[in-house]
Amino acid sequence: DGEVHINELKNGNTEMFWNPTSEVRRQRLKRHIVLFEEQTDFESERLWQHVTSAINKGDQHKATQEKFVLEEEQRNAARERKESGTEWKPLLFRHDAGTNEWRYKYEDLRPWDPLNDIAQFEKDGILQTMERHLSTRMSNHKATCINNQITRHKRSAKDCRRRKTSDQPSNHSQNTESSCSTPESVQELSDDDGKYLGFESLCAQCGKEMNHLKEIHSAVLSLQKAQQDIHR
């Protein structure tokens, strides 16, 4: 957080090595932590609070003592578990026998999806990803639009049949009957079936969202190509 200088002992010159300017600070990632009063005894900030306090005060001797106290407590706890045959079961990590390493239980190694992933957050010690689920939302909205159009189509067909049964036979009624050529039963429709019923296009909101998604997809492809060129 402060300036770092390089002191050349041979000639006494001093050179600036690191300067956290205001612009550098603005570019930092936001730090999200659990409130101290909500932390459990084994969370790092609470567990190492005395060591941290000593470091901040510049008391390296005190910091070393506090660190030794913590480590000794952990050794004693491990010794007691071994003597009593108690197995230690970590809440958030598992041991990988193949690599002999500890791995985070809930690790998510899939690439970040800019079209669907909004933010990553921690809840109850578990890292989670907040997602948009655009595809699901679009599918639901599309189905709603088609169902609404089918309902209106059924209603117009029903009104047409009602007119057929109530009108007296005449040349005019025959013309009306011939104009009501809509099937009386409408089954579940696919996208192609919608064209048969005259639903060539979805509602304006669907079309706008689809165009927006196409623009985003095109932009992402352009970024991916640029990254590949830079890597190459």
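User: Where does Asn 100 lie in this predicted model?

Analyst: In this predicted model, Asn 100 is found in the loop that runs between strand E3 (93–96) and strand E4 (101–104).

User: Why is Asn 100 called exposed?

Analyst: The relative accessibility of Asn 100 is 58%. The term exposed applies over 50%, so Asn 100 counts as exposed.

User: What makes the phi of Asn 100 worth noting?

Analyst: Asn 100 has a positive phi of about 55 degrees, although it is not a glycine. Most residues other than glycine have a negative phi.

User: Which residues form the nonpolar patch on the surface, and with what accessible area?

Analyst: The patch consists of Val 4, Ile 6, Phe 17 and Trp 18, which together have about 380 Å² of accessible area. Two or more residues of the nonpolar patch come from each of strand E1 (4–7) and strand E2 (14–18).

User: How do you know that Phe 17 is exposed?

Analyst: Phe 17, placed in strand E2, has a relative accessible area of 57%. Exposed means over 50%, and therefore Phe 17 is exposed.

User: What pattern does the chain follow along the sequence?

Analyst: The chain contains eight helices and six strands. Read in sequence order, their pattern is β-β-α-α-α-α-β-β-β-β-α-α-α-α.

User: What share of the residues in the chain is buried?

Analyst: Of the 232 residues in the chain, 13% are buried, the term being used for a relative accessible area under 20%. The accessible surface of the chain comes to about 19700 Å². Carbon and sulfur atoms hold 51% of that surface.

User: What share of the contacts in the chain with a separation of 6 or more joins residues 24 or more positions apart?

Analyst: Residues 24 or more positions apart account for 24% of those contacts, where a contact requires heavy atoms within 4.5 Å.

User: How much space lies in the largest pocket, and which residues lie nearest its centre?

Analyst: The largest pocket holds about 1000 Å³ of space. Its lining has 24 residues, and those nearest the centre are Thr 40, Phe 42, Glu 43, Leu 91 and Leu 92.

User: What makes H4 stand out in the lining of the largest pocket?

Analyst: Helix H2 (44–47) and helix H4 (60–84) each give at least two residues to the lining of the largest pocket. The largest share, five residues, comes from H4.

Definitions and conventions. Residues numbered from 1 in each chain as written. Predicted model: local features only at pLDDT ≥ 70, side-chain atom pairs only at ≥ 80, totals over all residues. Heavy atoms only, no water. Patch = residues over 30% accessible without salt bridge, like charges linked within 9 Å, V, L, I, M, F, W, Y side chains within 5 Å. Areas by Shrake-Rupley, 256 points an atom, 1.4 Å probe, with all protein chains shown as cover. Salt bridge = Lys/Arg side-chain N within 4 Å of Asp/Glu carboxyl O. Helix = DSSP H or I, 4+ residues; strand = E, 2+ residues; numbered from the N terminus. Buried < 20%, exposed > 50% of the residue type's maximum accessible area, 1.4 Å probe, protein only. 1 Å grid on protein atoms, 1.4 Å probe; cavity = no way out; pocket = protein on both sides within 12 Å on 5 of 7 lines; lining within 4 Å. Points joined across faces, edges and corners; volume = space filled by probe spheres on them.
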